[in-house]
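This report describes how two protein chains meet in a model, and then turns to one surface feature.

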Amino acid sequence: MAFGPYFLLATLEGLVTAAVLSLIALGLSLVFGVMRVVNVAHGEFYMLGAVLAWWVASMFGGHPAIGFMVALVLSPLVVAAIAFVAERLVLSRLKYEPEATIVATIGLLYIIQQLALSFYGPEARPVEAPFHYRMQLPWFGYSAYKLAVIGFSIIMMLATWFVLTRTKIGLVMRATQFDRETAQAFGIPVGRVYAGVFALGAGLAAVAAVLIVPIQQAHYLMGHDPLLLSFIVVIIGGLGSLRGTVLAAVLIGLSDGIISMFFSPTLAKMLATLAVAMILVFRPQGLFGAAAR
Amino acid sequence: MSENRKSLIKLNSGLTRRSALKGLGAAAGLVAAPGFVRYGQAQSSEPIKIGFQCHRTGIGAAYGRWYERVTTAAAKRINDAGGINGRPLEIVIEDDGTDPKRGAEVVEKFANQHKVNLVYGTLFSHVVVGSAPAAGELKIPYYVVSEGYHVASGKMNRYCVQPGITDVKAQARSMAPWIAGNLGKKVTLVYPDYAFGHDHRDFFTPAIEEQGGQVVAKVPIPPTETSFTRYFPQIPRDTDVIYHVMVGPAVLTFVKEMGEFFGSGGPQLFGFIDSLEAVDMGSPGLEFLEGSHFWEGMPRYAQPDQPDYVTAYREAAGIDDNGASVNDAKDVSTAAHMFGCWETLNIVKASMEACDYKGPDDRAAMIEATEAMTEMEAGPDHPQGKKLFNGKIHQVFGEQSISQVKDGKLEVVHRTSIEDGAYEPEADYTAMSF
């Protein structure tokens, strides 16, 4: 295959990675930005989203699109509800102390993972894509569903941006993020806002997971990889910055797709890690993050 | 002061060191006395405990689930027929998480805590390689149902035996002539980038060259990879055949993405069934496999001409004509590998009976009895087919099936002979000390 088609395929693959990654990283970034909680269990919420998607989709017969669409709505809601409860029961009682919440979310990670193993089992299971269409390009074929994932992810990002910048909910969240005490003084129920943000973050990860299960499969150990990559994205993009997260996700996704196709996947991971190190040295607040106050 | 303390303790507990020792001694004497020990009156009725190192979790879980079912069925059959030397068989299961480190811990647990007679069962090569040294140090027989060349290479130790399933070197050698003769001579290899995959690479390459063919590209894939499309451009345009072998939870993704990439216009496909083990042939995206070929250790689908003992084995293992669980049509078996558990347990029985196995003191004698085996006839004990065991390399050789996907099912189109896979041994375990 010549360079052109090679590059096209690498770009497509990179964009799919970027699309999913930006949703996951956005969740992580929101939670940290507003609550200052490093959510180590974020990858497990993603895994939970995929596992629930399989469970929901397998209950519906008929056209695969029905099961998938129901899963796309239901699975993130259930994951968000679980995250809400976890926030109220665990994080709020720890008063959001940074060290305590890291340890608590590590614990949460193992609890969720073992529960998934106990109830879902150790198998990898596929969810049927809502539609099967294979685009035949002159050099290779490509799954139309993968392109749809990119599209849907963009819609989700726009929706999140809209909520954050154009609605009252977003205003309240930003106020809480800006200054917790003052927000409380103005009558904003900070505790409930926090729980909502935590649930929203987990829900975004679950949406990403539902989108990915028809491409990959649901598996109880699938939370590790996206967690690491989304931490990289969040650090590069700047914590709490929507713009930075999306840009960093596209950067990491594309470089992962292109470098791993022309060189090796290991090199792609090494360069991503190197980028994190460079960012931390020269611009610790990230590309678009605000400097610490 | 210290005197006071001593007397205080004496008063409070009423138990001196002397009386405690006396009590312990008496208890020990009672346990050692004839007639008190369980089964002491007839040692022959004590169960023979076998430790089953099982991939219940981790990337080998689908194999583990079926290895467990077949093991249970084989043990039941042996017990129903009177056990081993008149003693019942008891299987003790520990999960190794498909993890080499835990594998070694499990072997130690079997030896020291469960006090089993031997350890058996594991599949994934890295777990075998990680666990075999522990078995050698603890001097406990380790009967693996694995596939890599690790045992036959002579790099393990005398306690590590693979008598129930063929190794990759023999499998790859026996496939090469058929591939060169029927599918094409320019082959691209796609394989997992660790020992098991390297065995395919190292042994298929010379085997196809012997047939006048060549390997035009090698595409190693890291074992943790979950997406594969990015690797497919490495497959040269002039490839006749893609030889693919993948394992673990990502196999279905791999085959699906290959279908999206090539559609119906790609090179011929020859897969090791590992790329599809435990995967439903009806899964979306697998339609493009129609007409492609697979290696199968033992056929997944019931074949029209199968002997009665194969039918009996399939019934005992609980698989239907499509190779899925009789209880759940979506629970597809690892049919091409799991027969190895059945056959290995039968070989354990035969070995123990040949050396009149009494207990752990006879472990070396048991290994020697297995080493002395040569021919194993196809039948109820060996449903996969006739086998030849080479005691020097602790490895068995057997027949293989090549199947084609027809109407979404696998149909056996060729059966290789034992000679197709045979090779000169490179080691001699029998010359090693116990």
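## Salt bridges

A salt bridge is taken here as a side-chain nitrogen of Lys or Arg within 4 Å of a carboxyl oxygen of Asp or Glu. By this criterion Arg65(B) forms a salt bridge with Glu123(A), with the closest N and O atoms 2.4 Å apart, and Glu257(B) forms another with Lys146(A), where the closest N and O atoms are 3.1 Å apart. The latter pair crosses between chains, running from helix α8 of chain B, which holds Glu257(B), to helix α5 of chain A, which holds Lys146(A); helices are DSSP runs (H or I, at least four residues), numbered from the N terminus. Between chain B and chain A the count is three salt bridges, while the structure over all chains holds 26.

## Basis of the values

This is a predicted model, in which local features need pLDDT of at least 70 and side-chain atom pairs count only at pLDDT 80 or more, whereas totals for chains, interfaces and linings use all residues. Residues are numbered from 1 along each chain as its sequence is written, chains are lettered from A and ligands numbered from 1 in the order in which they are written, and side-chain values use heavy atoms, with hydrogens and water left out.

## The interface between chains A and B

The contact (heavy atoms within 4.5 Å) takes 30 residues from chain A and 28 residues from chain B. The area buried between the two chains, meaning the accessible area (1.4 Å probe) lost on putting them together and summed over both, is about 2400 Å², and carbon and sulfur atoms give 53% of it. Of the area that chain B buries against chain A, 27% is supplied by Arg230(B), Pro233(B) and Glu260(B), more than by any other three residues.

There are 16 residue pairs in polar contact between chain B and chain A, both residues being at pLDDT 80 or more; a polar contact is a pair of N or O atoms within 3.5 Å, and within protein one must be able to donate a hydrogen and the other to accept it, with residues adjacent in sequence counting only if both atoms are side-chain atoms. On the side of chain B that touches chain A, the elements giving two or more residues are α3 (61-80) and α8 (251-262) of chain B, and α8(B) contributes the largest share, eight residues.
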